[in-house]
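Hi everyone, thanks for coming. I have a few minutes on one structure, so let me put it up on the screen and then walk you through it.

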Amino acid sequence: GEPLILIHGFGGSKDNWIYFAKALTPQYRVIIPDLPGFGDSSKPQDKSYSIKEQVKRVDQFLAALKINKAHFVGNSMGGSIAGMYSITYPQKVKTLALFDTGGVMSPIKSELFLLREKGINPLVVKETGDFDRLLRMNFYTPPRIPSIIKKYLASQAIQAAPMNELIFGELSQGDMWTLGDNLDKIQAPTLIVWGDSDKILHVSTVDILKKNIKNSTVVIIKECGHVPMLEKPRETAAAYRAFLGRK
């Protein structure tokens with residue numbers, strides 16, 4: 001089928017999309033990369049991890065796969081990358097979907113922003129207890145995870161902490177909010193999906209996206225946090241498939 005690119009958010013990986021992708025693989029060629037700096041991809045500390053550079057890398061990745069045009073979906077930081085990709089390479093984007101996207105300053109401050117003002121970053125896990133806090137930040141209803149698996153996931157997150165801090169610092173001082181200044185340049189039909197209880201990026205961001213992206217559709221997922229494709233994969237996939245069907 002047509003190629004469909006799923007781009008994960010900050011601190012995430014390709015695994016964030018597995019349940020969501022299950023509903024799409026019968027009809028589409030679903031491609032889910034680990035962005036450089038995350039997951040199983042390389043993590044050189046002397047490279048830039050700005051949105052602009054990640055957009056370039058995604059384009060190089062697709063060129064290597066000989067993909068000239070695709071559907072794009074991005075969550076959080078991945079939404080910012082997918083959005084800027086659609087602006088940079090409009091001829092290569094068939095449709096765009098932004099799931100609780102980063103890159104746009106919300107009218108109402110989220111819980112994450114209020115914590116950041118106090119010098120706390122709940123997105124970086126430095127000790128085992130921080131992992132439970134990370135789950136509470138991302139989900140409306142945190143998943144039940146067997147203790148042995150949670151311990152492993154927490155250890156993986158702790159191991160990734162130095163790299164995550166480096167990348168978060170660069171984004172904060174660089175082009176983290178560039179998408180919000182360029183929304184009117186998005187040409188592709190766009191689906192905007194948001195969890196109504198997102199603690200990381202406030203749902204009020206939707207108003208800005210809807211106002212500035214010309215050809216856009218909005219779906220709000222109830223009782224859902226920052227990662228709708230993980231917390232409500234069936235509902236999110238159904239909304240996305242309906243959007244593709246219309247386009």
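**Buried loops and salt bridges**

Let's start with D100, which is buried, at 0% relative accessibility. Keep in mind that what you see is a predicted model. D100 sits in the loop between β4 (93-99) and α4 (111-116). Its phi is near 45°, a positive value in a residue other than glycine. For background, most residues other than glycine have a negative phi.

You will find S76 in the loop between β3 (70-75) and α3, and S76 counts as buried because its relative accessible area is 11%, with the cut-off at under 20%.

What does S80 touch, leaving aside its neighbours within four places in sequence? The contacts of S80 are I51, T101, G102, G103, M176 and L179.

One more serine, please: S50, in the loop between β2 (29-31) and α2 (51-64). With 12% relative accessibility, S50 is buried. Not counting residues up to four places away in sequence, S50 touches E170, L171 and D175.

Now for the charges. How many salt bridges does the structure hold? There are 9 salt bridges. One that I like pairs D59 with K92, where the closest N and O atoms are 2.8 Å apart. This pair links distant parts of the chain, with D59 in helix α2 and K92 in the loop between α3 and β4, 33 residues apart. D59 is buried at 13% relative accessible area, whereas K92 is partly exposed at 22%.

Another salt bridge joins the side chains of E117 and K109, at 2.5 Å from N to O. Here E117 counts as exposed, at 52% relative accessibility, and K109 as partly exposed, at 49%.

Then we have D132 and K150, in a salt bridge with the closest N and O atoms 2.9 Å apart. D132 lies in helix α5 (residues 128-138) and K150 in helix α6, so this pair ties together parts that are 18 residues apart in sequence. Both partners are partly exposed: D132 has a relative accessible area of 30%, and K150 has 25%. Salt bridges with shared partners also join K14, D34 and D40 into one network.

Staying with helix α6 (residues 147-173), let me point out I148. Is I148 buried or exposed? I148 is exposed, with a relative accessible area of 67%. Together with I149, Y152 and L153, I148 forms a nonpolar patch on the surface, with about 410 Å² of accessible area in total.

Next, the strands. β5 (residues 190-195) and β6 (residues 216-221) pair in the parallel sense over 6 bridges. Between them the chain passes through helix α7 (residues 205-212), and this β-α-β crossover is right-handed.

Last stop: the start of the chain. G1 lies in the segment before β1 (3-7) and is exposed, with a relative accessible area of 79%. Beyond its neighbours within four places in sequence, G1 is in contact with Q27, Y28 and R29. The C-alpha atoms of G1 and L191 are separated by 20 Å, though the two residues are 190 apart along the chain.

Key
Residues are numbered from 1 along each chain as its sequence is written. This is a predicted model: local features need pLDDT of at least 70, side-chain atom pairs count only at pLDDT 80 or more; totals for chains, interfaces and linings use all residues. Side-chain values use heavy atoms; hydrogens and water are left out. Patches are made of residues with over 30% relative accessible area and no salt bridge: like charges are joined within 9 Å, nonpolar side chains (Val, Leu, Ile, Met, Phe, Trp, Tyr) within 5 Å. Accessible areas come from the Shrake-Rupley method with a 1.4 Å probe; for residues, only the protein chains shown count as cover. A salt bridge is a side-chain nitrogen of Lys or Arg within 4 Å of a carboxyl oxygen of Asp or Glu. Helices (H or I, at least four residues) and strands (E, at least two) are DSSP runs, numbered from the N terminus. Buried means under 20% relative accessible area, exposed over 50%, partly exposed in between (1.4 Å probe, protein chains only). Contact means heavy atoms within 4.5 Å. Two strands pair if DSSP finds at least two bridges between them. A crossover is right-handed if, with the strands pointing away from the viewer, the path from the first strand over the helix to the second runs clockwise.
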